[in-house]
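Here is a short report on the chain shown below.

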Amino acid sequence: MGLLVNASIVLVVLIGFLSVKIYRETLGPVPKTEFDMRAYWGPGDVAAYKEDTTIHPFNISYSEEVSYKDAIIKLKN
């Protein structure tokens, strides 16, 4: 009976240590990503890119009740 108890204790301790190891590896600090802020991030090649400076019209429609309720909520917070 003593051998079975000792084996169970060793198994529980081993599982505990492995669980802590996996937990620390999984939730450890994420390495900092280095990137160049001056690099081109747009589509295609930087030489072929031309910025679109045109103004596009847009419409926003909403009911007065919605804007009133939204204003009340924002003023309360």
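## Overall shape

The chain has a radius of gyration of 30 Å, whereas a compact globule of 77 residues would have one near 11 Å. That radius is taken over C-alpha atoms, and the globule rule is 2.2 Å times the number of residues to the power 0.38. This is a predicted model: local features need pLDDT of at least 70, side-chain atom pairs count only at pLDDT 80 or more, and totals for chains, interfaces and linings use all residues. Residues are numbered from 1 along each chain as its sequence is written, and side-chain values use heavy atoms, with hydrogens and water left out.

Along the principal axes, the C-alpha atoms fill a box of roughly 80 × 50 × 15 Å. Of the 77 residues, 0% count as buried. Buried means under 20% relative accessible area, exposed means over 50%, and partly exposed lies in between (1.4 Å probe, protein chains only). The accessible surface comes to about 8300 Å². Carbon and sulfur atoms hold 65% of that surface. Areas come from the Shrake-Rupley method with a 1.4 Å probe; for residues, only the protein chains shown count as cover.

## Helices and surface

The chain has two helices and zero strands. Helices (H or I, at least four residues) and strands (E, at least two) are DSSP runs, numbered from the N terminus. Helix H1 covers residues 2-26 and includes Ile9. Helix H2 covers 64-76, and Tyr49 lies in the loop between H1 and H2. Glu51 lies in that loop between H1 and H2 as well.

Val5, Ile9, Val13 and Phe17 make a nonpolar surface patch of about 380 Å². Patches are made of residues with over 30% relative accessible area and no salt bridge; like charges are joined within 9 Å, and nonpolar side chains (Val, Leu, Ile, Met, Phe, Trp, Tyr) within 5 Å.

## Charges

How many positive and negative side chains does the chain have? There are 8 positive and 9 negative ones, and the centres of the two sets lie 10 Å apart. Lys and Arg count as positive, Asp and Glu as negative; His and the chain ends are not counted. The place of a charge is NZ of Lys, CZ of Arg, CG of Asp or CD of Glu.

A search of the whole structure finds one salt bridge, meaning a side-chain nitrogen of Lys or Arg within 4 Å of a carboxyl oxygen of Asp or Glu. Lys21 pairs with Glu25 in a salt bridge, with the closest N and O atoms 2.3 Å apart. Lys21 and Glu25 are four residues apart in helix H1, so about one helical turn separates them. Lys21 is partly exposed at 46% relative accessible area. Glu25 is exposed at 56%.

| Pair | Apart along the chain | C-alpha separation |
|---|---|---|
| Tyr49 and Leu75 | 26 residues | 44 Å |
| Glu51 and Lys74 | 23 residues | 36 Å |
| Leu14 and Lys74 | 60 residues | 54 Å |

Leu14 is found in helix H1 and is partly exposed at 46% relative accessibility. Tyr49 is partly exposed at 42%. Glu51 is exposed at 56%.
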